[in-house]
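Thanks for coming, everyone. I will keep this brisk. Please have a look at the model first.

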Amino acid sequence: SLRQIVEIARDAGAEMILVVPASNLRDCTPFKSEHRDGLTSDQLREFRANLRAAEEAFQAGQAAEALSRIDRAARIDPRYAAAQYLRGRVLIETGDTKAARQALVRAREEDVCPLRAFEAIQELVRDVAAEYRIPEIDFAALIDGESADGIPGADWFLDHVHPTIEGNARVAREVANGLTGRKVVSPQPSWTSDGFD
């Protein structure tokens, strides 16, 4: 579909910039979690008990206990998105932000209701931009780089994918710079920092 959009735009003589979508990892729970196939009733019961214990420990500020219990749950079912999300949140509290990011990305990837762009969609936008030699704004990488611990959250997003005013302004600046660089538009005197704001 993206290739088709690009070709239609090109046929019409339109200039394009593709934006790689970003999403809220830190502060957006998965919308729908499902268990992996093949869990026995005993495994399911053990998973639920560990998940519940992890949630209670996390709320009580006992990060080490929460991590131990969520890891037990994740060994039983690593595909349950909500467990991966909780694991990421606990890991942030323990200071292991690299592992936290991995768990939060996994939570997004395992979300059965994919309202946030998966890594595969982000890669597809990058690939189409390269294939058609279209400039891209890698909003996902940009926001990752400007987020605490490389994990975007409510600092950039109002919800799962919709940027805050600051997030939208950040994209707008990048688009304006990209269009200016391609000489599609010419900078105006009002395009100062204050003018942008």
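Buried, here, means under 20% relative accessible area; exposed means over 50%, and partly exposed is in between, with a 1.4 Å probe and protein chains only. At 3% relative accessibility, N50 counts as buried.

Ground rules next. This is a predicted model: local features need pLDDT of at least 70, side-chain atom pairs count only at pLDDT 80 or more, and totals for chains, interfaces and linings use all residues. Residues are numbered from 1 along each chain as its sequence is written, and side-chain values use heavy atoms, with hydrogens and water left out.

Back to N50. It sits in helix α2; helices (H or I, at least four residues) and strands (E, at least two) are DSSP runs, numbered from the N terminus. Which residues does N50 contact, leaving aside neighbours within four places in sequence? They are R69, R72, A73 and I76. Contact means heavy atoms within 4.5 Å.

Now helix α3, residues 63-76. Its 14 residues should span 20 Å at 1.5 Å a residue; the expected span is 1.5 Å times one less than the number of residues. The end C-alpha atoms are 20 Å apart, which agrees. The buried residues of α3 are A63, A66, L67, R69, I70, A73, A74 and I76. Their cover includes α2 (41-59) and α4 (81-94).

I70 deserves a stop. Not counting residues up to four places away in sequence, I70 touches L51, A54, A83, L86 and R87. Along with F47 and L51, I70 has the most contacts inside the largest nonpolar core, which has 24 residues. Such a core is a set of buried Ala, Val, Leu, Ile, Met, Phe, Trp, Tyr and Cys residues joined through side-chain atoms within 4.5 Å. Helices α2, α3, α4 and α5 (97-110) each supply at least two residues of this core. Apart from it lies another core, of 19 residues, among them V6, A129, L142 and F157.

On to aromatics. Rings of Phe, Tyr and Trp (its six-membered ring) pair if their centres lie within 6.5 Å; planes under 30 degrees apart count as stacked, over 60 as edge-to-face, the rest as tilted. The whole structure has one aromatic pair. The ring centres of F47 and Y80 are 5.1 Å apart and the planes are at 70°, so this pair is edge-to-face. F47 lies in helix α2 and Y80 in the loop between α3 and α4, so the pair ties together parts 33 residues apart in sequence. Both F47 and Y80 are buried.
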